[in-house]
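This briefing concerns the arrangement of strands and helices in the chain shown below.

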Amino acid sequence: MTAGPGTTRTGAPGVLRVLTWNVHGLRAGTDAVAEVLRAAACDAVLLQEGPRGPRAVPRSAALARRSGLLVAAAGRPAAGSLVLVAARLHVHAAAVLALPVRGLTTPVRGSASALVSAAGGPRLLLRAAHLGLDEGERADHAARLAAEGGAGPAVVGADLNEHPGGPSWSALLPGGRDAFAAAGTGPGGTFPAARRAGSRARIDALLVRGARVRSAQVLDAAGASDHAPLLADLEVPVA
């Protein structure tokens, strides 16, 4: 596994390291996912397909402990989406949201959000989301989440189930930028992780508003999930 730019959290004023990742229901095991998260040394982690069901919160807490992080937002309605943060971030508020799907056999979808700040920094909305496979469903999910997101600084980590240029990439976070398009290096594809990097689809995104993207890259986490994680270092204005 390649940890990316540096092996420790930056800790620098105004610099935030954020990772988004679909962890495939933790099928590879909590320890395999936690190892990747520890090595990446993030301030914020936005996951999809994490713990679900009635024990979503305690299982999310177990993953956070093994990763050296804290749970900022998790719960059954989020359908496996969750937000983990480093101790240096203060969590002001948190929410989880179930996203409607059609049909009894359609995979459940949801979102988890946390309003956070670091010392001397502004409040920043962190959101993890997993959109539907159906185009109409994705459009509905993106519109619902955009309406809940306000207009301030925000970072959304999402499995969009859609290629760049699709409508969800701009609708999900109005005024946001695609972090990899802004400052990405190397191949940007994330799925399926088992393929060589240059032949993967880019369907996972970090969308950023109110912060500058310093760098972004897809990490090698072979064997830990069917998706590869996307990591970015962001500059957030300091008060």
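Strand β2 and strand β4 (residues 82–85) pair in the antiparallel sense, with four bridges between them. The structure is a predicted model.

- Strand β2 covers residues 44–48 and is mostly covered, with five of its five residues buried.
- In a regular strand, side chains alternate between the two faces of the sheet.
- In β2, A44, L46 and Q48 point one way, while V45 and L47 point the other way, and all are buried.
- Strands of a sheet pair through backbone hydrogen bonds, in either the parallel or the antiparallel sense.
- With strand β1 (residues 15–22), β2 pairs in the parallel sense over five bridges.
- Within that pairing, L47 of β2 is the bridge partner of W21.
- L47 also has a bridge partner in β4, namely L82.
- Together, β1, helix α1 (residues 30–40) and β2 form a β-α-β unit that is right-handed.

**Helix α2**

- Helix α2 consists of twelve residues, 56–67, and spans 16 Å from its first C-alpha to its last.
- This reach is close to the 16 Å expected at 1.5 Å a residue.
- The buried residues of α2 are A56, S60, A62, L63, A64 and S67.
- These buried residues of α2 pack against α1, β2, β3 (70–73) and β4.
- After α2 comes G68, which has a positive phi near 75°.

**The open sheet**

- Six strands form an open sheet in the order β5-β6-β7-β8-β10-β9, and the pairing in this sheet is mixed.
- Its edge strands are β5 (90–99) and β9 (177–178), each of which pairs on one side only.
- Strand β5 pairs with strand β6 (residues 109–117) in the antiparallel sense, over nine bridges.
- One of the bridges between β5 and β6 links V96 to its partner in β6, A112.
- Helix α3 (residues 135–148) packs on this sheet and touches β5, β6 and β7 (124–130).
- The direction of α3 makes about 150° with that of β5.

Note on methods:
Residues are numbered from 1 along each chain as its sequence is written. This is a predicted model: local features need pLDDT of at least 70, side-chain atom pairs count only at pLDDT 80 or more; totals for chains, interfaces and linings use all residues. Side-chain values use heavy atoms; hydrogens and water are left out. Buried means under 20% relative accessible area, exposed over 50%, partly exposed in between (1.4 Å probe, protein chains only). Helices (H or I, at least four residues) and strands (E, at least two) are DSSP runs, numbered from the N terminus. Two strands pair if DSSP finds at least two bridges between them. A crossover is right-handed if, with the strands pointing away from the viewer, the path from the first strand over the helix to the second runs clockwise. Contact means heavy atoms within 4.5 Å. Axes are lines fitted to C-alpha atoms, for helices over the stretch in contact, and angles run from 0 to 180 degrees between N-to-C directions. The expected span of a helix is 1.5 Å times one less than its number of residues.
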